[in-house]
Amino acid sequence: MSHIEWHSGLSLGIEKIDDQHKNLIDLSNKLMDAAKHGASKNITEAFHSLREYTVYHFNDEEEYMRRIKYPKLHEHSQQHLILKQQVKYYQEALYKKAEITESEILDFLKKWLIDHIVYNDLDIKRFLESKPDN
């Protein structure tokens with residue numbers, strides 16, 4: 001199972017948020033490693049860590065968007081809500097002993113993390129770059 005790699009194309013140029021994104025990638029990679037080895041307890045623990053850190057990160061990111069008066073805050077927050085629900089769904093499915101494949105976890109994490117950063121979070125960077133005082 002491959003890992004998700006951080007690269008400069010994912011950088012918002014906001015150190016705190018970039019560092020949190022790197023940590024989310026690290027937690028995602030740990031989850032993928034747990035899935036690869038098939039240890040149900042480790043997968044459950046990895047999902048729990050990812051979910052907890054996701055809540056922390058989304059709260060920080062939304063607070064930052066409020067401070068800069070980001071015009072798409074509501075839409076972005078709705079995306080965060082959907083992503084939190086998806087992580088919770090997988091976590092509950094694992095708790096109920098549902099069969100979740102490695103590829104399903106990998107696809108979810110790549111879509112959830114990378115797509116969200118590329119299609120939603122990088123819009124924050126574009127917004128900041130378009131402000132006249134930059």
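pLDDT is the predictor's confidence in each residue, from 0 to 100, and it applies here because this structure is a predicted model. The mean pLDDT of the protein is 86, with 93% of its residues reaching 70 or more. Among the elements of the protein, helix α1 has the highest mean pLDDT, at 90, while α4 has the lowest, at 85.

**Nonpolar core**
- The largest nonpolar core holds 39 residues, and those that touch the most other members are Leu31, Phe47, Leu109, Trp112 and Ile124.
- Two or more residues of this core come from each of α1 (15-37), α2 (40-67), α3 (73-95) and α4 (102-130), and α4 gives the largest share, with 12 residues.
- Setting aside residues up to four places away in sequence, Trp112 touches Leu24, Ser28, Leu50, Thr54, Phe58, Leu83, Gln86 and Val87.

**His57**
- His57 lies in helix α2, and it counts as buried because its relative accessibility is 1%, where the cut-off for buried is under 20%.
- Apart from neighbours within four places in sequence, His57 is in contact with Ile17, Gln20, His21 and Leu24.

**Cavity**
- The structure holds 1 cavity of 30 Å³ or more, and the largest cavity has a volume of about 50 Å³.
- Residues lining the largest cavity include His21, Leu24, His57, Phe58, Leu83 and Trp112, and the elements that give two or more residues to this lining are α1, α2 and α4.
- Helix α4 provides the largest share of the lining, 5 residues, and the lining as a whole divides into 6 nonpolar, 3 polar and 2 charged residues.

Terms used. Residues numbered from 1 in each chain as written. Predicted model: local features only at pLDDT ≥ 70, side-chain atom pairs only at ≥ 80, totals over all residues. Heavy atoms only, no water. Core = buried A, V, L, I, M, F, W, Y, C linked by side-chain atoms within 4.5 Å. Buried < 20%, exposed > 50% of the residue type's maximum accessible area, 1.4 Å probe, protein only. Helix = DSSP H or I, 4+ residues; strand = E, 2+ residues; numbered from the N terminus. Contact = heavy atoms within 4.5 Å. 1 Å grid on protein atoms, 1.4 Å probe; cavity = no way out; pocket = protein on both sides within 12 Å on 5 of 7 lines; lining within 4 Å. Points joined across faces, edges and corners; volume = space filled by probe spheres on them. Nonpolar A, V, L, I, M, F, W, Y, C, P; charged D, E, K, R; others polar.
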